[in-house]
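Okay, thanks for coming, everyone. Let me put the structure up, and then I'll walk through a few spots in it.

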Amino acid sequence: MTRQDRGPLTTGGTMAVPARATRREWAALLVLALPALLVSIDVFVLLLAMPHLSADLSASSTEQLWIMDIYGFLLAGFMLTMGTLGDRVGRRRLLLIGAAGFAVASVVAAFSVNPLMLVVARALLGVTGATLAPSTLALISSLFRDPAQRAQAIGVWLVCFMGGAAIGPLVGGALLEVFWWGAAFLIGVPAMVLLLVLGPILLPEHRDTSAGRVDVVSVALSLAAVLSAVYGFKELARHGWDPAAALAVLAGLAIGSVFVRRQLRLVDPLVDLRLFRSRAFATAVAGMHLITVTGVTMYFVTQHLQLVEGLRPLVAGLVMLPGVAGSVAGFLLAPVLARRIRPAPLIAVGLLVAAAGAVVLTQVDPGELVLLAAGYLLFQLGCGPMVTLSTDIVVGSAPPERAGSAAATSEASAELGYALGIASLGSLGAVVYRRVLDLPEGLSPAAEAAARESLAGATAVASDLGTGAAQTLIGAAREAFMTGTAVAMTVVAVLLVTLAVAVRLMLAHLPPTRAPAEETSPADFPDAAMPPTLVSPPDAATALAPASGSEDSGHDRRPR
């Protein structure tokens with residue numbers, strides 16, 4: 001057990017009471033959370049804007065794929081680099097640079113005149129967007145020293161980040177009915193301007209002055225590993241089995257192993273793998289990875305609403321609102337309950353609730369929107385404790401000077417998890433769809449191939465058939481799609497139950513986060529069970545000092 005895992009001890013044998021956040025810190029959280037909300041909305045509005053911008057810019061199918069994918073590729077690829085870079089050059093500084101770059105790239109994207117210009121702008125959005133989450137989470141760990149308040153702050157930030165993804169279709173549908181497609185890229189600009197104005201006033205600066213230079217070879221290896229893996233997973237999800245995509249995944253894994261070996265040899269690694277010696281840190285990162293694998297549930301729900309039920313995106317978004325409410329409740333209630341309940345049982349029970357929601361989704365038939373909404377609500381509600389508390393464990397278990405790197409490790413793991421979930425579970429659903437689809441006779445080979453490709457393909461084929469044949473084809477395709485969804489959701493339920501058991505065993509040593517006013521004795525925590533969330537904070541005087549650009553060393557502020 002490392003020193004930071006044990007928590008701060010005073011000379012009197014009691015654990016120091018962390019400084020409570022003031023209105024200044026909560027105002028700073030608002031400045032950090034608002035961009036997360038609007039940027040998240042911005043990303044999902046693009047899904048609705050794609051048909052409009054493709055027609056306006058005459059984008060080919062290949063160019064459309066690059067417009068959609070380049071952002072996620074570079075966001076995932078640069079996440080580790082930006083987290084470590086923030087620890088070295090200053091988290092506030094990097095965040096403000098990223099915010100300025102994101103705002104400029106958003107404007108360029110909005111007024112793009114050809115597909116290449118838009119692809120370049122989206123690439124810049126991915127690189128600058130990679131600065132936001134690691135720097136924000138690291139700054140939250142500096143602003144909120146009390147474990148209970150920090151968990152609550154992370155919950156608020158996650159509500160904004162994930163809530164934007166959920167309400168994106170609603171906002172996008174309304175926005176695109178009034179403005180042109182470029183407005184989809186301008187949503188986040190005002191929030192970035194607000195961050196640039198208030199950030200220097202409200203946000204503290206923090207960097208590790210003892211860290212060495214960023215290892216360029218490690219940066220290149222991390223980019224190659226993540227980009228290869230994410231590209232391969234996305235291609236497998238899009239086209240099914242493909243040797244080139246599988247080779248890309250294997251290349252990513254091979255390069256990743258080289259990256260890991262290099263990090264173990266370096267004095268100042270890009271990613272401090274020693275953090276994984278903490279059982280809590282390793283479990284939290286692995287848990288975030290697996291919980292985002294099950295995030296493919298949202299993909300199946302949206303596909304069902306639009307392709308099986310035939311709902312417009314705006315109406316589909318309204319049906320998903322109970323799930324949004326469940327997600328918000330999970331994020332906000334988990335930190336409150338964690339003050340009295342140990343994280344392990346709290347997270348485990350939540351995952352079992354989410355698994356129950358996945359089981360409900362296996363039973364949904366056409367027209368059963370209430371049952372679908374209820375299953376999605378249970379799934380989102382149950383995932384809340386895992387996401388919120390594991391994020392808090394990751395940030396809190398790292399020493400202050402490594403908070404950015406720790407946050408980036410968790411976020412990169414989540415990005416890879418979602419790509420893996422779409423590729424594996426999405427492909428599983430597609431395979432089942434093709435195998436159980438019972439096509440009517442009389443279709444041409446081309447029409448049969450298109451119908452077997454996907455439910456969307458079957459719908460397109462049906463539009464060229466007579467009424468009777470079209471209804472038969474659509475009915476068979478919808479039935480096959482729901483069978484594939486049921487199989488995928490069964491796997492999701494098994495994964496969630498397995499994760500619940502693992503978390504219950506691996507995090508059993510963590511106690512509840514104590515109320516801020518309590519002063520606890522080290523006797524309350526056996527040495528092997530000291531909570532990694534109780535990381536020694538910087539002194540309160542420095543915490544409340546104006547953010548005048550001072551750059552303090554994490555090493556200097558750790559307990560002696």
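So, to start: which backbone oxygen does the side chain of S222 reach? That would be the backbone oxygen of V219, at 2.8 Å. A polar contact here is a pair of N or O atoms within 3.5 Å; within protein, one must be able to donate a hydrogen and the other to accept it, and residues adjacent in sequence count only if both atoms are side-chain atoms.

Before going on, the caveats. This is a predicted model, where local features need pLDDT of at least 70, side-chain atom pairs count only at pLDDT 80 or more, and totals for chains, interfaces and linings use all residues. Numbering runs from 1 along each chain as its sequence is written, and side-chain values use heavy atoms, with hydrogens and water left out.

Back to S222. It sits in helix α10, residues 216–239. Helices are DSSP runs of H or I with at least four residues, strands are runs of E with at least two, and both are numbered from the N terminus. S222 counts as buried, because its relative accessibility is 2%. Buried means under 20% relative accessible area, exposed over 50%, and partly exposed in between, with a 1.4 Å probe and protein chains only. Leaving out residues up to four places away in sequence, S222 touches G77, L80, T81, F259 and L270, where contact means heavy atoms within 4.5 Å.

Zooming out: the protein has 23 helices and zero strands. Of its 560 residues, 56% are buried. And if you take contacts with a separation of 6 or more, 81% are between residues 24 or more positions apart.

Now a helix pair. The axes of α20 (residues 455–462) and α21 (residues 467–506) come within 9 Å and cross at roughly 175°. Those axes are lines fitted to C-alpha atoms, for helices over the stretch in contact, with angles from 0 to 180 degrees between N-to-C directions. So α20 and α21 are roughly antiparallel. On the α20 side, the contact is made by L455, A458, T459, V461 and A462; on the α21 side, by A470, L473, I474, A477, R478 and F481. That splits into nine nonpolar, one polar and one charged.

Last one: R435, in helix α18, residues 403–436. R435 is exposed, with a relative accessible area of 73%. Its C-alpha is 9.4 Å from that of G484, 49 residues apart along the chain. That's my tour.

Definitions and conventions. Parallel < 35°, antiparallel > 145°, perpendicular 65-115°, else oblique. Nonpolar A, V, L, I, M, F, W, Y, C, P; charged D, E, K, R; others polar.
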